[in-house]
Amino acid sequence: MSPHVQQLALVDCNNFYVSCERLFRPDLQRQPVVVLSNNDGCVVSRSNEAKALGVKMGQPWFECRQLEQDDGLLALSSNYALYADLSNRVMAILSDFSPNHEAYSIDECFVDLTGISKLREVSYEMRERVGRWTGIPVCVGIGPTKTLAKLANHVAKKHPRSKGVFNYNDLTAEQKARLLAQLPVEEVWGVGRRLTQRLALHGVHSVLDLREAHIPTLRAEFGVVMEKIQRELQEVSCIKLEEVQQDKKQIIASRSFGNMVTELPVLKDALSTFVANACAKLRAQNSQAAVIQVFLQTNRFRKELPQYMPSLAIPLPQPTSDTLVVNRWADYLCERMFKEGYQYKKAGVMLSEISSIAYQQGDLLEPAPAADSRLMQALDSLNQRFGRGAVRVSTQGAYGEWQMRQGRKSPCYTTRWSDVPAV
DNA sequence: TCTCCGATTAGAC
DNA sequence: CTAACGGTCTAATCGGAGA
């Protein structure tokens with residue numbers, strides 16, 4: 001093999017949320033288990049046994065709920081504090097294998113193993129060490145580009161013979177072609193449902209079809225994104241490893257309500273919580289926002305009810321990350337949009353035009369409101385020590401109607417002492 | 001006619 | 001309580017407004 005081929009590994013946790021729950025509930029092993037999204041709305045993680053029962057990713061819980069009685073399917077509310085904590089542990093272990101790595105999502109990490117000797121042994125060791133130290137099962141896919149590493153990971157997950165590790169770079173040209181011909185094009189990273197349909201119209205069904213497609217046609221019909229995907233399949237790296245986490249360019253805090261909301265004060269109360277979360281995220285990356293947007297939504301699935309989905313944005317007089325300042329604007333925007341006679345199901349706040357506080361522009365007319373940032377710093381450090389929501393804006397949480405339903409949540413074993421069972 | 005901007009679309013997980 | 005369907009984020013693209 002030529003020495004300059006990139007050996008890029010994608011390590012992906014198996015059924016991550018379900019695997020996290022199983023760590024503290026050994027009785028869930030070999031049982032059909034799913035984890036639900038916020039508000040216990042949709043299935044977002046499935047054990048293999050749940051997949052075998054036909055439960056689909058993203059399926060609304062009420063649609064498969066019957067399986068609870070019929071087949072012993074167990075559903076749990078999501079416990080993000082637990083998943084984030086375990087994710088951090090997995091990432092820390094993986095980072096020991098290479099200084100060049102990217103935590104791509106809560107359950108996936110790219111690790112650049114180029115130039116490592118005994119690559120085979122090392123990739124098995126990654127899998128085993130994560131399993132031994134955290135109890136989370138993972139699969140490893142290796143390829144010359146991110147897109148092919150992802151595809152290799154898919155192969156590792158699907159074929160038991162691979163024992164959880166698959167290296168695309170080990171294949172001959174013929175073996176590569178044979179493998180790609182068997183894989184449907186929707187398995188490719190960046191090709192979703194819509195693009196799969198459109199590609200089929202052009203006779204592109206397998207990954208091999210896409211790799212070999214006529215380039216000018218592809219570019220004209222599908223744009224630069226598809227061209228990049230094709231180049232990646234041709235082993236030309238177009239998507240680089242992002243080793244440092246980029247600052248968010250946009251921050252959204254929104255939630256569906258546990259019950260429909262009809263009154264303005266309740267909406268404002270919910271929004272003040274969203275503002276607090278969004279501004280805390282903003283401050284955590286040392287940024288400020290210049291535009292705030294608020295949106296309200298009725299339940300789009302209830303077609304018989306009157307629908308109203310307003311959204312309003314406003315440029316702030318000065319960029320800020322101050323919860324109290326943003327909250328006043330959110331109140332104002334909410335009041336301007338609120339209409340009596342609708343049942344609101346969801347609301348949210350979006351912060352955009354985000355910049356680093358390092359570049360704070362001095363305002364010639366208004367004195368800089370630096371004093372308030374001390375209050376926000378105090379608030380952040382208290383909430384960090386005692387848990388999110390320990391210190392709040394006065395109105396926040398006065399009404400309970402909007403809070404989401406989470407009737408099936410497991411205890412916070414790793415992040416809250418009081419939830420750890422006595423030995 | 002060109003450019004900018006907001007809204008829309010598509011995707012990931 | 002007897003209906004019930006997530007939350008964030010990015011990038012490309014498109015159409016209209018305004019220069």
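I started with DNA strand B and found 13 residues around it, the closest being Glu108, Lys150, Gly190, Arg194 and Leu195; near here means that a heavy atom of the residue lies within 4 Å of the strand.

A note on what I'm looking at: this is a predicted model, where local features need pLDDT of at least 70, side-chain atom pairs count only at pLDDT 80 or more, and totals for chains, interfaces and linings use all residues. Residues are numbered from 1 along each chain as its sequence is written, chains are lettered from A and ligands numbered from 1 in the order in which they are written, and side-chain values use heavy atoms, with hydrogens and water left out.

Which part of the DNA faces the protein? Of the atoms of DNA strand B within 4 Å of the protein, 100% belong to sugar or phosphate.

Next I checked distances to phosphate oxygens of DNA strand B. I got 2.6 Å for a side-chain N or O atom of arginine 194, 2.7 Å for a polar backbone atom of leucine 195, and 3.3 Å for a side-chain N or O atom of glutamate 108.

Then I looked up where the surface near the strand comes from. Strand 5 (101–105) and helix 9 (193–201) each supply at least two residues, and helix 9 gives the most, with three. Helices (H or I, at least four residues) and strands (E, at least two) are DSSP runs, numbered from the N terminus.

Last stop: serine 45, which sits in strand 3 (residues 43–46). Is serine 45 buried or exposed? I found it buried, at 6% relative accessible area; buried means under 20%, exposed over 50%, partly exposed in between (1.4 Å probe, protein chains only). The side chain of serine 45 reaches the backbone nitrogen of valine 18 at 3.3 Å.

Notes: A polar contact is a pair of N or O atoms within 3.5 Å; within protein, one must be able to donate a hydrogen and the other to accept it, and residues adjacent in sequence count only if both atoms are side-chain atoms.
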